[in-house]
Amino acid sequence: MQVAIASGKGGTGKTTLAVNLALAAPGPVRLLDCDVEEPNAHLFLGVRIEGRELVGIPVPEVNEERCTACGACGEICQYSAIVALKTKPILFPQLCHGCGGCQRVCPTGAIREVLRPIGELEWGRRGELLFAHGRLNVGEAMAPPVIRAVKRWGRPPASAGAGLAKTPFIQVQPAATGDGDPPAESPAMTLIDAPPGTSCPVIEAVRGSDFVLLVTEPTPFGLHDLRLAVELVRRLDLPCGVVINRDGIGDDGVEQYCLAEEIPILQRIPDDRRVAHAYSRGEAIVEALPEYREQFAALYAALKEYDRHAHTAHTRD
Amino acid sequence: MKVAVTTAGNDANADVDPRFGRVKNLLIFDTETGEHEILDNSANLGATQGAGIQTAKRVAESGAEALITGHCGPNAFRTLEAAGIQVITGVEGRISDALTRFQEGSLKPANGADVQGHW
């Protein structure tokens with residue numbers, strides 16, 4: 001089961017929920033931190049990084065001897081990454097989305113694709129918890145290819161390199177070997193810590209999930225951005241539920257909204273100063289304050305239960 | 001020769017617009033005939049990226065050999081340079097005055113972009 005944790009608003013507690021849900025799970029889970037512009041889940045987990053790969057996107061390279069300056073490449077490019085004047089094409093690799101269109105339309109085969117690194121993928125584990133995150137290089141604008149790489153990793157480290165031929169990864173450091181086999185059973189749940197907002201990186205992160213948890217705070221700001229997030233998941237036709245963080249502050253706007261929209265409120269994390277303290281020290285709530293473990297475990301169980309029902313209903317159809 | 005000028009207006013009485021990539025119109029002036037035409041550039045106004053590059057391409061396609069504008073970023077400059085177009089930045093005021101100064105030879109081409117991208 002794949003569960004994405006998203007929110008419209010930033011700073012509502014996505015990483016807090018993802019980390020604590022992962023630590024409260026009864027069995028092995030996989031946590032993918034897809035907030036590649038500022039990944040931080042590892043800080044709360046103390047994960048040992050075991051491997052690293054560069055993530056690149058394919059960008060065109062022009063063989064000027066073969067180029068006839070026909071201009072077809074510049075016409076198909078929607079991003080102005082390749083511009084054909086009457087001369088040979090001019091390239092702007094920073095603008096390239098890696099679609100490969102220019103290579104396809106080139107009648108003389110003058111264009112080949114080379115990988116331009118834009119970020120990296122790191123993976124590791126902590127006990128049974130399998131972990132990976134992406135890191136977009138500073139100054140790069142396109143997070144989705146790095147997010148895709150993190151989601152594609154979605155396998156135990158031992159087999160992470162298996163798909164290399166087909167993927168735009170550049171491996172710079174092979175996975176560590178010989179320090180224990182990956183868990184025999186595959187993780188029962190993959191948790192995706194999504195970036196904030198409602199733009200392309202969020203869509204890339206939540207896409208393909210079985211359920212989306214939307215974290216919000218019960219304030220007018222929280223509600224405003226929750227509405228946007230709900231619109232997004234509905235557009236993607238994904239089921240969702242709300243987790244209210246810092247419950248007790250603000251007003252009842254979020255509750256009224258969820259009631260009216262028939263969105264279940266699945267968990268309430270109280271506005272507890274000790275939670276903020278633990279956060280500031282880089283500690284998971286369930287470890288600093290064990291009395292919270294039960295509510296995260298209950299959410300995990302509820303998600304598994306939902307999945308079982310959804311699966312049964314689907315099979316019956 | 002043809003000279004391109006960025007403007008939000010429709011004739012030589014309008015002002016030079018400081019923007020290049022996302023400028024509304026391009027006025028293409030022919031120094032031999034004294035005539036001009038207006039190229040609508042509004043398609044590039046809302047471009048998500050590469051507005052400067054696309055506008056530079058339009059200037060090149062218009063046959064202009066020089067460009068008079070306020071500011072020009074690095075990607076646009078590179079494209080204009082590749083097309084062999086003289087880029088004159090830092091120009092303000094009425095287009096007709098700017099064209100007069102250009103024809104007198106008192107406007108000097110820039111050596112590079114005068115602003116960062118997404119300025």
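## Chain B at a glance

Chain B holds 3 helices and 5 strands, where helices (H or I, at least four residues) and strands (E, at least two) are DSSP runs numbered from the N terminus. Along the sequence, these elements come in the order β-β-β-α-β-α-β-α. The radius of gyration of chain B, taken over C-alpha atoms, is 13 Å, close to the 14 Å from the globule rule for 119 residues, so chain B is as compact as a globular protein of that length. That rule is 2.2 Å times the number of residues to the power 0.38.

This is a predicted model, in which local features need pLDDT of at least 70 and side-chain atom pairs count only at pLDDT 80 or more, while totals for chains, interfaces and linings use all residues. Residues are numbered from 1 along each chain as its sequence is written, and chains are lettered from A in the order in which they are written.

## Inside chain B

Of the 119 residues in chain B, 42% are buried, meaning that 20 or more other C-beta atoms, placed from the backbone, lie within 10 Å of a residue's own.

Helix 2 of chain B covers residues 74-82, and its buried residues are B:Asn75, B:Ala76, B:Phe77, B:Thr79 and B:Leu80. Within chain B, they pack against helix 1 (51-61), strand 4 (66-68) and strand 5 (86-88). After this helix comes B:Gly84, with a positive phi near 75 degrees.

## Meeting chain A

The buried residues of helix 2 of chain B also pack against strand 4 (82-83) and strand 5 (90-91) of chain A. The contact between the chains takes 8 residues from chain A and 11 residues from chain B, with two residues in contact if their C-beta atoms, placed from the backbone, lie within 7 Å.

Key. Buried ≥ 20, exposed ≤ 12 C-beta atoms within 10 Å, placed from the backbone.
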